[in-house]
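The structure under discussion is shown first.

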Amino acid sequence: EFFARFPTLHPFLLDQLQLAVERIQLCENSVDLHPSLYPVLILLARLYPSPMDGASSTLNMSAFIPLVQKCAHSTVMKTRAMAAQALLPLIPASHAASTIGNLLKQLENPSRVSQNSIHGVLLQAHRLIKTYCCKDLSGISQEELDSTVYPSIKSLSWIGSMPNPCAVTQALYVETVECLIFDSSAGRDSHCVQELQTTLLKDLITKPKDSSDSCGTAALNVCVAKFVLRSLTNTDHEKMNSIVGPTEVLFQLLTSKHYEVRQQTL
């Protein structure tokens, strides 16, 4: 309805976003951003599709989707975060599962993807998952979750494992899996997601990053603590005992050098 009322803004904003994306692609190792980038992303984040969307092919909001997705590869974290927020209103529930699957496919070959791109793409997928997959909305079916979303997330388990050198992307992956397991009734009943939970728990507990002082390590340890604690309280005790020793895990968390981890545990 916004573009129906102000039709000239649609091509103008599209052109400005195109210029901004081109500058992002040209300046891969710098922070030279087009001045129109943030205003356009902020505006898109506040628009929502209406029943009129699609009635006019020239004013369709879907035209912005490819450009917003390309912003995920920016070297600037703020840009990646704003792009993820701007993408959310552009994707209807009926297209959420396929969009998540297409986004995560970009990360299948880690040797060709930078950590900035991993973070930006995963953040866009995380926003969609948190909105459409963790609230049991009618727009996304159980079949789509089982065939597209869950396998895509599971195939990228290396992001959440300790060999991943980037604490920021690892924390985001763990948080995404946590949403699927504990904030969605469908995820709790999924064998694929339960297998992923077991794999992550074993890796995160046996190989803690508590000793590292790299960027994002403190936030990662808090995220891991939250994931482990929710697993302890929401998973069958017999199953948990077969994966980890609850007493040892609690002691490990309570003796962490990070105050936030100890506070989360208490």
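**Salt bridges**

Aspartate 32 is partly exposed, at a relative accessible area of 41%. In this predicted model, its salt-bridge partner is arginine 23, with 3.5 Å between the closest N and O atoms. Arginine 23 is likewise partly exposed, its relative accessible area being 28%. The structure holds five salt bridges.

A further salt bridge joins lysine 154 to glutamate 195, whose closest N and O atoms lie 2.3 Å apart. This pair links distant parts of the chain, since lysine 154 belongs to helix α8 and glutamate 195 to helix α12, 41 residues apart. Both ends are partly exposed: lysine 154 has a relative accessible area of 30%, and glutamate 195 one of 32%.

**A network of charges**

Lysine 226 forms a salt bridge with glutamate 178 at 3.8 Å between the closest N and O atoms. Lysine 226 lies in helix α13 and glutamate 178 in helix α10, so the pair ties together parts 48 residues apart in sequence. Glutamate 178 is buried, with a relative accessible area of 4%, whereas lysine 226 is partly exposed at 38%. Through shared partners, salt bridges join Glu178, Asp183, Lys226 and Arg230 into one network.

**Helix α8**

Helix α8 covers residues 142-155 and reaches 19 Å from its first C-alpha to its last, close to the expected 20 Å. At valine 149 the helix bends by about 30 degrees, and proline 151 follows within four residues. Valine 149 is also one of the buried residues of α8, together with Leu145, Tyr150, Ser152 and Ile153.

**Nonpolar patch**

Leu250, Leu254 and Leu266 make a nonpolar surface patch of about 310 Å². Leucine 254 is found in helix α15 and is partly exposed, with a relative accessible area of 40%.

Note on methods: Residues are numbered from 1 along each chain as its sequence is written. This is a predicted model: local features need pLDDT of at least 70, side-chain atom pairs count only at pLDDT 80 or more; totals for chains, interfaces and linings use all residues. Side-chain values use heavy atoms; hydrogens and water are left out. Patches are made of residues with over 30% relative accessible area and no salt bridge: like charges are joined within 9 Å, nonpolar side chains (Val, Leu, Ile, Met, Phe, Trp, Tyr) within 5 Å. Accessible areas come from the Shrake-Rupley method with a 1.4 Å probe; for residues, only the protein chains shown count as cover. A salt bridge is a side-chain nitrogen of Lys or Arg within 4 Å of a carboxyl oxygen of Asp or Glu. Helices (H or I, at least four residues) and strands (E, at least two) are DSSP runs, numbered from the N terminus. Buried means under 20% relative accessible area, exposed over 50%, partly exposed in between (1.4 Å probe, protein chains only). The expected span of a helix is 1.5 Å times one less than its number of residues. The bend at a residue is the angle between axes fitted to the seven residues ending there and the seven starting there.
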